[in-house]
Amino acid sequence: MSQETRHFAPSSDFAKNAIAQPELYAEAKADRLGFWAKQANRLHWHKPFTQILDWSEAPFARWFHDGELNISYNCLDRHVEAGNGDRVAIHFEGEPGDTRTLTYAQLTKEVKRAANVLINLGIKPGDRVAIYMPMIPEAIVAMQAVARIGAVHSVVFGGFSADSLSTRIEDAQAKLVITADGGYRKGKASALKPAVDLALDGGKCPSVKNVLVVKRTNQEVSWKEGRDLDWAEQLAAASDEHEAKGFNAEHPLFILYTSGTTGKPKGILHSTGGYLTQAAYTHKNVFDLHENTDVYWCTADIGWITGHSYVAYGPFANGATQVIYEGTPDSPDWSRWWKIVEKYKVSILYTAPTAIRSFMKLGEEMPNAHDLSSIRVLGSVGEPINPEAWMWYRNVIGGGKAPIVDTWWQTETGAIMISPLPGVTTLKPGSAQIALPGIEIKILDDEGKELGREEPGLLTITEPWPSMLRGIWGDPDRFKETYWSKFEGIYFAGDGAKFDDEGDLWLLGRVDDVMNVSGHRLSTAEIESALVSHPYVAEAAVVGAKDETTGQAVVAFVILRQDQLKAAGSDADVSKILRDHVTKEIGPIARPRTIMVVAELPKTRSGKIMRRLLRDVAEDRPVGDVTTLADTSVMDIISGKIAGGA
Ligand code: PRX
């Protein structure tokens, strides 16, 4: 793929008006910390900082740590005070077609009311609040309000199960859960509140004192008097006056759980000043945001980091007007997104390659039937975008001219790290290309030796950056071990990468046991432990197999318990039961595409499962080197059974 020869230089028109300028790279090179301080000073500081970075307790960084700011003030009040209160902050489109427009002035008032509600409920700075909501404006109001009073949010994606929710609430010891009765997805009202009830049932999660419920669908929900409170009633009774007070730049802002290589999700912790600095700077420069004229739409859910940095915070910090859409792209049919682009004249669209590939499969007809001429910048995130999908995105959605920014980053990095800059970079389909100004990366081999062009290795970040994670909630050792132990003082991201012969970076996928399904991060270990929690299953091994649309798909190999064989029934029955079981344990996103019942798993002499070989089977290619297996005949048995159509 690094044979890619297509190059797209920025047009002179675009370059002339571009926010990002080529000088940024030299400026950041000459004085990296000074460069970040300058970006930080685009924010409002209640108390200015005098220190930029304290790395003396590495890998625990402190950025701008003697300064104080309020993130919600930066995202809302200051735009109203600057006379931009009438600018639209949110164009909301519900899946059933209902719409709402919130100006900056209105959104600010809502957030102030919600902040007062939280204070009335006894939420104090540092307390954790879990948010489990559909993509509706109240979700943004909730996040902003929690942050405004210095509490810490933990947003749990609405597609996660009650079990996943309860583990996360428990780990963070959340005092309050903000949720909704449900939301609209795929043409119907789907429920959320019952999962919250289940998560808290029978005295689980005793830290939770209250549940605030937004009535979105008005479906019947059970109500626990004294614990459950109606969001609308509470807000209506609260004052819309609230003064945002400054918090230390290192005050914790949020925890977001993500999958690692073990079964237990990691609570990635971010703090305030550095996070907002980099979220705002990247949002402005990478998307070429002209806040007076652009309409920005990021399709990510707030349950993921993209929905934090590029929906809930970065865009508002920059005073952007953004579209928020509640539902799925196929509701009522696959032209929904293009209708939204046409209706709101979306000029910047940020989405994931999975979505692009799904549209591509359906052909050009639907996008071509809509006026997409407002689009001028396209973004991609979450997984590598293959050159064909890139070209289709540019030609069919971007009118053959919109620059595409392929943005590489992670929950841990907090904000975009590697991406072309529109108007500056000559683009190359499929490559994330170049570290942003202020970011230092290297590709290393296993021993830590720096690699040159065309040499695949491990992607590392060699200098601290403002929006870097500050730790794993409650587990400082795991933080050091996971990210900082492979190479001394250097952040190891878990991705393979290489520079091509022109110095452009190509991401080569994860090098650990983390899968990427539709741009969502899933852990093989977490799904394996869900599988073995079922009484039928003795052992399980999960791999991510290549999938044309979703990037990777979950494929599970299971060994059944001998005494359960009768009860389990046919392989087809078992497969259905176990797929449902994973859905219940983790959520629909983790549901395996395929379950293969096998008699043995390939293991090394030390008992480690060789996933590489299972991936060969799952991807339907000849099985690789089996010489390190304890029993080399195992793969013949597995492959034979699969080929036999069992
Ligand atoms: O493997 C990389 C992939 O997604 C992982 C991070 O997942 P998560 O923390 O869920 O954040 C996703 C949204 C930022 C990375 O380790 N990844 C992310 N962006 C890209 C990517 N792989 C290739 N190209 C990208 N642009």
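Which residues does UniProt place in the feature "domain: AMP-dependent synthetase/ligase"? The unreviewed entry gives residues 82–473. This is a predicted model. Its protein chain averages a pLDDT of 96, and 99% of the residues score at least 70. The model scores ipTM 1.00 and pTM 0.95.

**Annotated domains**

- Residues 82–473, the span of the AMP-dependent synthetase/ligase feature in UniProt, are 30% helix and 23% strand.
- The end C-alpha atoms of residues 82–473 lie 37 Å apart.
- UniProt also carries the annotation "domain: AMP-binding enzyme C-terminal", from an unreviewed entry, over residues 526–608.
- Residues 526–608 are 31% helix and 30% strand.
- The end C-alpha atoms of residues 526–608 are 16 Å apart.

**Around the ligand**

- The ligand is surrounded by 21 residues.
- The closest are Trp408, Gln410, Thr411, Leu507 and Arg521.
- Strand β24 provides the largest share, three residues.

**Helix α19**

- Helix α19 covers residues 571–585.
- At 1.5 Å a residue, its 15 residues should span 21 Å; the end C-alpha atoms are 21 Å apart, so the two values agree.
- Its buried residues are Val574, Leu578, Arg579 and Val582.
- The face turned away from the buried side carries the exposed residues Ala572, Asp573 and Asp580.
- Just after α19, Gly587 takes a positive phi of about 140°.

**Gly457**

- Gly457 is found in strand β22, which runs over residues 457–461.
- Is Gly457 buried or exposed? Gly457 has 21 other C-beta atoms within 10 Å. The cut-off for a buried residue is 20 or more, so Gly457 counts as buried.
- Leaving out residues up to four places away in sequence, Gly457 touches Ile443, Leu444, Asp445, Leu451 and Lys498.
- Gln562 is 105 residues from Gly457 along the chain, and their C-alpha atoms are separated by 43 Å.

Definitions and conventions. Residues numbered from 1 in each chain as written. Predicted model: local features only at pLDDT ≥ 70, side-chain atom pairs only at ≥ 80, totals over all residues. Helix = DSSP H or I, 4+ residues; strand = E, 2+ residues; numbered from the N terminus. Expected span 1.5 Å × (residues − 1). Buried ≥ 20, exposed ≤ 12 C-beta atoms within 10 Å, placed from the backbone. pLDDT = per-residue confidence, 0-100. UniProt positions renumbered as here; feature names shortened; annotations may be inferred. Near = placed C-beta within 6 Å. Contact = placed C-beta atoms within 7 Å.
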